[in-house]
Amino acid sequence: MILCWQAACSTGLLSTRLVASPVQILGTGWALVQDGTLSTNMSVSLLRAFAGLSLALVAGISLALISGLSRLGENIVDAPLQIFRTLPVLALVPLFILWFGIGETPKILLVALGSTFPIYLNLHKGIRSIDPKLLEMTRTLRLSRSQTIRDVILPGALPDLLVGVRFAVGISWLMLVVAEQVNADSGIGHMMMDAQDFLRTDIIFVGLAIYGFLGLISDQCVRMLEHRALVWRPLHIQRTGNIG
């Protein structure tokens, strides 16, 4: 596909003003690396994504525990979250700018907002899907509420939580694209917006490649965490052949 793409650009079938060729993209990416533009903007984007995802983990896990462990908590938490989940992100951008200014805060909060929902939904589902027989066993063994949550509910819901984290990592990069294109003076999204003004499709493609690469790397990191955290599960033991 890349060879056909390059051939189409070289023969003029594709205008390089609209679609940069792979050779142009590689050359531009190397130039951005050499002059430090790419590393500077990437470090800013990584910091925003990490900060937003960290807030999302704290908020999503806390809200899921409140909603999943208590019927009253679900009545209080779940409905407002479902309403916020359906709101279009772009419609919230003016409010975030009005409330938090044009600095880093609204950008990080936009990433956190979008990433919270998959963590909440999956962990809530995991908590509510705990085998009732296990809960009956905890009552038979007279485990306290805190012991039941620590030793039964949280380990049982961990697979769903990690699935939610994988979704959240992907959404965090999508939200970052939106956040960095609104009153930003740095970051990969800002670099792409500047390139749009000067019709530099090669820089735009470099930015897209960076977002895709970062998304892939972060997803692989979560999968490695999932592999290690779920090593105790019978299904995992059967796949890996580890017995005892």
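1. Confidence. The model is predicted. Its average pLDDT is 84, and 95% of the residues score at least 70. Residues 237-244 call for caution when the model is read: pLDDT stays under 50 over this stretch, for which the model has five contacts beyond four places in sequence.

2. Nonpolar core. The largest nonpolar core comprises 43 residues. Within this core, L38, W173 and I188 have the most contacts. Two or more core residues come from each of helix 2 (22-34), helix 3, helix 4 (71-86), helix 5 (89-100), helix 6 (104-128), helix 8, helix 9 (188-197) and helix 10. Helix 8 supplies the largest share, with twelve residues.

3. Surroundings of L38. Apart from neighbours within four places in sequence, L38 is in contact with G29, L32 and V33, and also with I188, M191, V206 and I210. One of these partners, I188, is itself among the residues with the most contacts inside the core.

4. Largest pocket. The volume of the largest pocket is about 270 Å³. Its lining consists of 14 residues, and those nearest the pocket centre are A49, F50, L53, V169 and S218. Helix 3 (37-69), helix 8 (145-179) and helix 10 (201-229) are the elements that each give two or more residues to this lining. The greatest contribution, six residues, is that of helix 3.

5. Eleven of the residues that line the largest pocket are nonpolar and three are polar; no charged residue takes part in the lining.

Key: Residues numbered from 1 in each chain as written. Predicted model: local features only at pLDDT ≥ 70, side-chain atom pairs only at ≥ 80, totals over all residues. Heavy atoms only, no water. 1 Å grid on protein atoms, 1.4 Å probe; cavity = no way out; pocket = protein on both sides within 12 Å on 5 of 7 lines; lining within 4 Å. Points joined across faces, edges and corners; volume = space filled by probe spheres on them. Helix = DSSP H or I, 4+ residues; strand = E, 2+ residues; numbered from the N terminus. Nonpolar A, V, L, I, M, F, W, Y, C, P; charged D, E, K, R; others polar. Core = buried A, V, L, I, M, F, W, Y, C linked by side-chain atoms within 4.5 Å. Buried < 20%, exposed > 50% of the residue type's maximum accessible area, 1.4 Å probe, protein only. Contact = heavy atoms within 4.5 Å. pLDDT = per-residue confidence, 0-100.
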